[in-house]
Amino acid sequence: MAIIEFPKEMKWGAATAAYQIEGAALEDGRGLSIWDTFSKTPGNVLNGDNGDVACDSYHRYKEDVQIMKELGINVYRFSISWPRIFPAGTGEINQKGLQYYHNLVDELLENGIEPMCTLYHWDLPQALQDQGGWENRKTVDAFADYAEQIFKEFDGKIKKWITINEPWCVSFLSNFIGIHAPGFQNLKLATDISHHLLLAHGKAVARFRDLKVEGSIGYAPNTEWLEPFSSKQEDIDACNRGMGWFIEWFFDPVFKGQYPHFMLEVFDKHGAAPAIQAGDMEIISQKIDFVGINYYTGSVGRYKKDADLFDLEKVDIGYEKTDFDWNIYPEGFYKVLLKIKDQYGDIPVYITENGACYNDEVENGRVKDQGRIDYLKQHLTSLKRAMDSGVQIKGYLAWSLLDNFEWAEGYHKRFGIVHVDFNTLKRTKKDSYYWYKQTVKNGWFDM
Ligand SMILES: CO[C@H](O)c1c[n+]2c([nH]1)[C@H](O)[C@@H](O)[C@H](O)[C@H]2CO
């Protein structure tokens with residue numbers, strides 16, 4: 001087999017998000033988020049699961065940091081719960097909420113782990129949703145004010161910042177497809193929200209620069225590869241439109257200061273071009289220091305009129321799948337990274353999420369998750385191929401450190417390299433944890 005080796009300076013980490021791991025949803029002054037509301041609306045989340053307890057990391061963060069320390073990682077991506085800081089979204093600050101994140105960040109730093117903070121990982125304060133949520137441009141300014149407060153509070157402690165996690169999920173998955181909070185199904189609403197999210201990103205970056213905060217800032221779009229079924233131009237064009245929904249729509253405004261025309265055409269056809277005000281694109285397109293890339297899967301697609309917004313249908317040609325029924329498609333990871341480099345230049349990249357869902361169980365104190373190890377090997381090999389092709393990869397963060405609340409799938413879908421028993425909250429390191437630990441230690445693995 002082949003040895004796959006990484007540069008000594010590459011960062012190795014793991015990622016989580018507040019609503020998915022913290023629990024303590026009603027504790028110490030935290031306000032409600034749209035995910036508290038959505039998860040408690042019957043039918044929205046598998047088995048009626050919610051984030052009231054989750055992994056209880058709010059109380060068990062010291063144990064989790066020790067798990068990270070043993071793992072040997074040097075960066076940990078977490079998110080701050082906006083409603084834990086501003087229970088009403090704006091106005092009065094909840095000091096106990098701030099104190100929790102100081103405790104977490106201090107614990108990480110004391111154990112030689114660098115915090116990478118996501119400001120928004122989907123848990124909008126419900127109080128802001130009650131005023132229109134991301135459809136309301138006032139929420140954009142509320143986010144910038146929240147970001148400013150956090151920058152001031154943690155400047156010098158946190159030096160890697162991500163404004164928004166996966167604006168595609170926050171806009172289209174949540175307001176057009178409708179399976180995530182708040183669960184609407186309106187394309188025009190979704191495109192307006194996608195614009196407001198990019199605006200919120202830009203305003204937060206502007207505050208970061210104005211405050212002269214130490215460190216670097218970026219955002220974390222989700223990506224997916226679509227491989228044309230044939231070399232027919234109609235199949236190629238359909239796949240490019242499909243990928244444009246995740247990539248060009250959220251990259252062009254930030255890196256080129258304009259929306260991609262081919263995507264505006266699609267949305268315009270449905271009367272859903274976003275409302276853009278003078279000055280918006282200048283705010284959105286100010287320079288960022290890195291981009292976080294989340295990649296999980298790819299598919300084969302072909303042209304089929306009216307199959308979806310993009311006249312695109314996905315074709316199952318038998319790729320092996322994870323327990324989320326997502327294709328295991330490491331080639332797509334390589335192609336996505338090359339596409340982004342070719343289209344947007346030599347920007348520093350952190351892989352802020354990559355991982356696999358396997359619904360593992362503990363047997364005799366062990367979790368044998370060879371499927372996840374194989375997935376990580378294949379995708380890290382694709383990552384090395386991209387690096388050898390000139391993509392500036394600064395770090396790789398596995399999703400996820402812990403099994404956690406997997407949104408509409410609840411606790412049934414497990415992505416962790418550490419198993420969590422959601423009845424006892426016992427953590428059990430999986431075989432993939434030990435494999436990743438060795439890989440981080442060595443900086444290489446044997447394919
Ligand atoms: C198509 O996958 C998306 O890029 C994606 C996958 N995932 C995500 N985004 C989210 O950022 C995480 O909160 C999820 O837990 C994680 C696993 O589902």
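The model is a predicted one.

Begin with the ligand. Glu-166 places a side-chain N or O atom 2.6 Å from a nitrogen atom of the ligand. Glu-353 has a polar side-chain atom 2.7 Å from a ligand oxygen. For Glu-406, a side-chain N or O atom lies 2.7 Å from an oxygen atom of the ligand.

Now the open space. The largest pocket holds about 990 Å³. Its lining counts 43 residues, and those closest to the centre are Trp-168, Leu-173, Glu-224, Thr-297 and Trp-326. Several elements give two or more residues to this lining: helix H8 (167-177), strand E7 (222-228), helix H10 (233-246), strand E8 (290-303) and strand E9 (312-315). Which element gives the most to the lining of the largest pocket? Strand E8 does, with five residues. By class, the lining of this pocket divides into 21 nonpolar, eleven polar and eleven charged residues.

The structure has three cavities of 30 Å³ or more. The largest cavity contains about 80 Å³. Its lining is made of 15 residues. Ile-21, Ser-57, Tyr-76, Tyr-100 and Leu-104 lie nearest the centre of that cavity. Helix H1, helix H3 (57-71), strand E3 (75-79) and helix H5 (95-110) each supply at least two lining residues. H3 gives the most, with four. The lining of the largest cavity has ten nonpolar, three polar and two charged residues.

The second largest cavity has a volume of about 50 Å³. Among the residues that line it are Ile-293, Leu-337, Ile-340, Lys-341, Asp-346 and Val-391. Helix H14 (residues 330-344) gives the most here, with three residues.

Turn to the cysteines. How many disulfides does the structure hold? It holds zero. Cys-55 is in no disulfide, and its nearest cysteine sulfur, that of Cys-357, is 14 Å away. A disulfide needs the two sulfur atoms within 2.5 Å, so a 14 Å separation rules out this pair. Cys-55 counts as buried because its relative accessibility is 0%. Cys-357 is buried too, with a relative accessible area of 1%.

Arg-30 sits in the loop between helix H1 (18-21) and helix H2 (34-39). Is Arg-30 buried or exposed? Its relative accessible area is 8%, so it is buried. The side chain of Arg-30 has a partner: it makes a polar contact with the side chain of Ser-33, at 3.5 Å.

The backbone deserves a look as well. Start with the cis peptide bonds. One runs from Ala-181 to Pro-182, with omega near 5°. Pro-182 is in the loop between H8 and helix H9 (187-210). Another cis bond joins Trp-399 to Ser-400, with omega near 10°. Ser-400 belongs to the loop between strand E11 (393-399) and strand E12 (418-420).

Then come positive phi values in residues other than glycine. Asn-364 has phi near 55°. It is found in the loop between strand E10 (349-353) and helix H15 (370-388). With a relative accessible area of 85%, Asn-364 is exposed. Leu-425 is not a glycine either, yet its phi is positive, at about 70°. Leu-425 lies in the loop between E12 and strand E13 (427-429). Where Asn-364 is exposed, Leu-425 is buried, with a relative accessible area of 9%.

Conventions. Residues are numbered from 1 along each chain as its sequence is written. Side-chain values use heavy atoms; hydrogens and water are left out. On a 1 Å grid over the protein atoms alone, a cavity is a set of points where a 1.4 Å probe fits but cannot get out, and a pocket is an open set with protein on both sides within 12 Å along at least five of seven lines; lining residues have an atom within 4 Å of a point. Grid points are joined across faces, edges and corners, and a volume is the space filled by probe spheres set on the points. Ala, Val, Leu, Ile, Met, Phe, Trp, Tyr, Cys and Pro count as nonpolar, Asp, Glu, Lys and Arg as charged, and the others, Gly among them, as polar. Buried means under 20% relative accessible area, exposed over 50%, partly exposed in between (1.4 Å probe, protein chains only). A polar contact is a pair of N or O atoms within 3.5 Å; within protein, one must be able to donate a hydrogen and the other to accept it, and residues adjacent in sequence count only if both atoms are side-chain atoms.
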